[in-house]
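Here are my notes on the model you sent, as numbered points. Please read them with the structure open.

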Amino acid sequence: MGKYVLLILLSMGFYAAEAQVTTISINKENFQSSGFPFKGKRVLQVERIQTPKEDNYIVFSKEERGADPDKLYVQQFQQIDGMWKLVANELISEEGMVTSVWESRKAFFDADSDGKLDALFIYSRHPMDDLQKQLSCIGLVLYKNKFYRLRAEAADGYSQTTFSDNYASLPVEVKENVERYWNNLDKR
């Protein structure tokens, strides 16, 4: 009987270790001046996230303040064979709009238990001439080095969510995690 209990506990321990996602705090200013090859001039947000199978940096950066057009670069770097390699790259830019990263609103998980990072980041859209006016709240999902989106508009009180065309291809477990977070998020 004792052997079975030990076997069950070991199995549960291996499952928990497989699903573990670890975040490491990174100082933005130090990272910005480190020479790391991210796009942009200034780091808005940087995350180092480790899973049992990956070591990642996720970097949100922009050009100098007041750049027109506003460009938000989102990049995922992974350590492969001892070198940091760019594995996902997204440029978010819309004429007349400024994007704002919600640094404290994010989620890291491994919903499909594959030992790799699944992540959700939040940003918003604002007219360039009125940065206090929020037009949209966007959830940016990172899954297997690709980006997917959810979006809600201020115009309808954030009551409707629209999805990027590729969102439907996400596994059910990932969508459930993302939508649970999204539905509880204060989007204002």
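1. The largest cavity has a volume of about 30 Å³. A cavity here is a set of points on a 1 Å grid, over the protein atoms alone, where a 1.4 Å probe fits but cannot get out. Grid points are joined across faces, edges and corners, and a volume is the space filled by probe spheres set on the points. By this rule the count is one cavity of 30 Å³ or more. Its lining consists of Glu54, Gln76, Lys116, Leu117, Leu142, Tyr143, Lys144 and Asn145, where a lining residue has an atom within 4 Å of a point. By class these are three nonpolar, two polar and three charged residues. Ala, Val, Leu, Ile, Met, Phe, Trp, Tyr, Cys and Pro count as nonpolar, Asp, Glu, Lys and Arg as charged, and the others, Gly among them, as polar.

2. On the source: this is a predicted model, in which local features need pLDDT of at least 70 and side-chain atom pairs count only at pLDDT 80 or more, while totals for chains, interfaces and linings use all residues. Residues are numbered from 1 along each chain as its sequence is written, and side-chain values use heavy atoms, with hydrogens and water left out.

3. Confidence: pLDDT is the predictor's confidence in each residue, from 0 to 100. The protein averages a pLDDT of 90, and 90% of the residues score at least 70. Over residues 1-18 the pLDDT is below 50, and this stretch has eight contacts in the model beyond near neighbours in sequence. A contact means heavy atoms within 4.5 Å.

4. Overall layout: the protein has three helices and 10 strands, in the order α-β-α-β-β-β-β-β-β-β-β-β-α along the sequence. Helices (H or I, at least four residues) and strands (E, at least two) are DSSP runs, numbered from the N terminus. Of the 188 residues, 40% are buried, buried meaning under 20% relative accessible area, exposed over 50% and partly exposed in between (1.4 Å probe, protein chains only). Among contacts with a separation of 6 or more, 46% join residues 24 or more positions apart.

5. The largest pocket has a volume of about 480 Å³. A pocket is an open set of points with protein on both sides within 12 Å along at least five of seven lines. Its lining has 22 residues, of which Arg42, Lys62, Arg65, Val98 and Thr99 lie nearest the centre. Helix H2 (28-32), strand E2 (42-50) and strand E6 (97-109) each supply at least two lining residues. E6 gives the largest share, five residues. The lining divides into seven nonpolar, five polar and 10 charged residues.

6. Which strands pair with E7? E6 and E7 run antiparallel and are joined by nine bridges, and E7 and strand E8 (residues 136-143) pair in the antiparallel sense over eight bridges. Two strands count as paired if DSSP finds at least two bridges between them. Phenylalanine 108 stands opposite alanine 119 in E7, while the bridge partner of leucine 120 in E8 is valine 141.

7. Is strand E7 (residues 118-127) mostly covered or mostly open? E7 is mostly covered, with 10 of its 10 residues buried. In a regular strand the side chains alternate between the two faces of the sheet. Asp118, Leu120, Ile122, Ser124 and His126 are buried on one side of E7, and Ala119, Phe121, Tyr123, Arg125 and Pro127 on the other.

8. Serine 124 is in strand E7. Serine 124 counts as buried because its relative accessibility is 0%. Leaving aside neighbours within four places in sequence, serine 124 contacts Val98, Thr99, Ser100, Trp102, Gln134, Ser136 and Cys137. Serine 124 and glycine 139 are 15 residues apart in sequence and 8.7 Å apart in space, C-alpha to C-alpha.

9. Backbone points to check: the peptide bond from aspartate 68 to proline 69 is cis, with omega near 10°, and proline 69 lies in the loop between strand E3 (55-62) and strand E4 (72-80). Asparagine 145, in the loop between E8 and strand E9 (146-153), has a positive phi near 65° in a residue other than glycine. Asparagine 145 counts as partly exposed, at 28% relative accessibility. Tyrosine 158, in the loop between E9 and strand E10 (161-163), also has a positive phi, near 60°. Tyrosine 158 counts as buried, at 13% relative accessibility.
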